[in-house]
Amino acid sequence: MSVNGEALRVRTETERTDEPGWEVDPDDDWALAVVATVGRQLKLRREAAGMRAGEFAVAVGYGEDLVHKIEGGKRIPRPEYLDTADEVLNAGGLVAAMKEDVKKVRYPKKVRDLAQMEARAVELQLYDPLHIHGLLQTPEYARALLAMRRPAYSTDEVERFVAARAARKVIFERDPAPELSFVLEEWTPRRPLGGRTTLRGQLQHLLELGRLRNVELQVMPTDRDEHAGVDGGIEVLKFEDGSAIGRSPAVANGRPVSELRQLRILELRYGIIRAQALTPRESTAFDEQLLGET
C-alpha cells in the first residue's frame with residue numbers, strides 16, 4: 001500500500017511518539033491475551049498490505065516504537081489509533097471493530113472487577129469520608145480530584161481513570177434499577193476542588209441524582225458530636241441470590257469480605273451512620289442552599 005507524500009508530511013509533523021498510561025498490567029492475564037491478539041492482527045494486516053512498520057507509523061501519526069509495542073501486545077491501542085489503522089489498511093471496519101475488545105481491558109483489573117460486581121448488585125450502601133463517591137462524581141470533578149494526586153498521575157492516566165469512573169455510571173441506567181444509598185460528609189461538597197464552576201456542576205449533578213426514585217443521598221453534618229464512621233469508608237453490595245460483599249479499612253484490613261459476621265458489622269455501622277446523617281429531604285435542601293451560595 002502506498003501513501004502520498006503530502007499525507008506523510010502532515011502526519012509526521014503531528015506524530016505522537018509515545019503515550020504513558022496505556023501499559024498492560026502484567027498480572028492481568030485476560031488483558032494480556034486480548035491485547036496480544038489485537039496486536040498480532042494489526043501486524044498481520046499491516047504486513048499483508050505491504051507496509052513496513054516505519055511507513056505505517058507515519059501513516060497513522062504515531063511513533064514507530066509505539067507501533068511495535070502495540071503489535072507486540074505491550075500497549076493498549078487507543079480507539080482512534082484503531083480507527084486510523086482501519087482507514088490506512090483499508091480494512092473495511094474489521095480493525096475498528098476491535099475497539100469493543102480493547103474497551104473491555106482498557107481499565108485496570110480492579111476497576112473492571114468492581115464494575116462487574118456493581119452490575120450484579122441489587123442494593124449498594126456507600127459511605128466515603130474523604131470525597132464525593134466516585135459514582136456520584138462529574139467528569140470535571142473527577143478530573144480535578146485525580147489531578148491533585150501526589151506523586152502526580154500523567155495527563156493520560158488521569159483521563160483513563162476519569163473514563164473508568166464514567167463507565168461505571170451505567171448503574172444509574174440499569175433496568176431493573178438497584179437501590180443506591182450514599183452518605184457523604186458535609187465538607188466534601190463544600191470544598192471547591194477544581195474551582196467554583198466545577199463545584200457548581202457537581203452540586204447540580206448531586207441534585208439530579210437525588211431525584212431518582214432508587215437513589216438516596218444523605219449528608220453527614222460536620223457538627224455532629226457522634227459519628228459511627230470514624231473508622232473509615234464503607235461499601236456493601238448485595239446480590240439477588242442473597243449473598244453480599246463488603247469492604248472497609250476497619251474490617252479485614254480493607255480486603256473485600258463476604259463472611260456473615262463481618263458483613264453484619266459493616267451493615268450495623270452503615271445503619272447508624274445513616275441515622276446520624278440528615279434525611280434525604282434535608283440533604284437535598286442542604287445541597288440546594290449550598291448551590292445558591294456557590
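Start by selecting D83, which counts as partly exposed at 35% relative accessibility. (Buried means under 20% relative accessible area, exposed means over 50%, and partly exposed lies in between, using a 1.4 Å probe and protein chains only.) Before you go on, note that this is a predicted model: local features need pLDDT of at least 70, side-chain atom pairs count only at pLDDT 80 or more, and totals for chains, interfaces and linings use all residues. Residues are numbered from 1 along each chain as its sequence is written, and side-chain values use heavy atoms, with hydrogens and water left out.

Which residue does K99 form a salt bridge with? Its partner is D83, with the closest N and O atoms 2.9 Å apart. (A salt bridge here is a side-chain nitrogen of Lys or Arg within 4 Å of a carboxyl oxygen of Asp or Glu.) The pair links distant parts of the chain: K99 belongs to helix α6 (residues 99–105) and D83 to helix α5 (residues 79–88), 16 residues apart. K99 is partly exposed too, at 28% relative accessibility.

**Zoom out**

Show the whole chain as a cartoon. You'll find 13 helices and five strands. (Helices are DSSP runs of H or I with at least four residues, strands are runs of E with at least two, and both are numbered from the N terminus.) The C-alpha trace spans about 70 × 45 × 35 Å along its principal axes. Of the 294 residues, 45% are buried. Take contacts (heavy atoms within 4.5 Å) between residues at least 6 apart in sequence: 73% of them join residues at least 24 apart.

**Two crossing helices: α3 and α4**

Next, select residues 53–60 for α3 and 64–71 for α4. How do these two helices cross? Their axes come within 8 Å, at roughly 105°. (Axes are lines fitted to C-alpha atoms, for helices over the stretch in contact, and angles run from 0 to 180 degrees between N-to-C directions.) That makes α3 and α4 roughly perpendicular to each other, a label given to angles of 65 to 115 degrees.

Show side chains where they touch. A53, G54, F56 and A57 on the α3 side meet E64, V67 and H68 on the α4 side. This contact is made up of four nonpolar residues, two polar and one charged. (Ala, Val, Leu, Ile, Met, Phe, Trp, Tyr, Cys and Pro count as nonpolar; Asp, Glu, Lys and Arg as charged; the others, Gly among them, as polar.)

Stay on α4 and pick K69 and D65. Their side chains meet in a salt bridge of 3.4 Å, N to O. The two sit four residues apart in helix α4, so about one helical turn separates them. K69 is partly exposed at 23%, and D65 is partly exposed at 45%.

**The sheet**

Now colour the strands. Five of them form an open, mixed sheet in the order β3-β2-β1-β4-β5. (Two strands pair if DSSP finds at least two bridges between them.) Which strands are at the edges? They are β3 (215–220) and β5 (244–247), each pairing on one side only. From one strand to the next, the twist averages 5°.

Select β1, residues 121–128. Of its eight residues, six are buried.

Since E123 lies in β1 and K238 in β4, the pair ties together parts that are 115 residues apart in sequence. E123 counts as partly exposed, at 26% relative accessibility.

Then move on to β5. Four bridges join it to β4, and the two run antiparallel. Here L237 stands opposite I245. β4 and β5 form a hairpin with four residues between them, and in the turn G242 has a positive phi of about 95°.

**Last stop: a charged network**

Finish by selecting R78, E80 and D156, which are linked in a network of salt bridges. How many salt bridges does a search of the whole structure find? It finds 13.

Methods. Parallel < 35°, antiparallel > 145°, perpendicular 65-115°, else oblique. Pairing = 2+ DSSP bridges.
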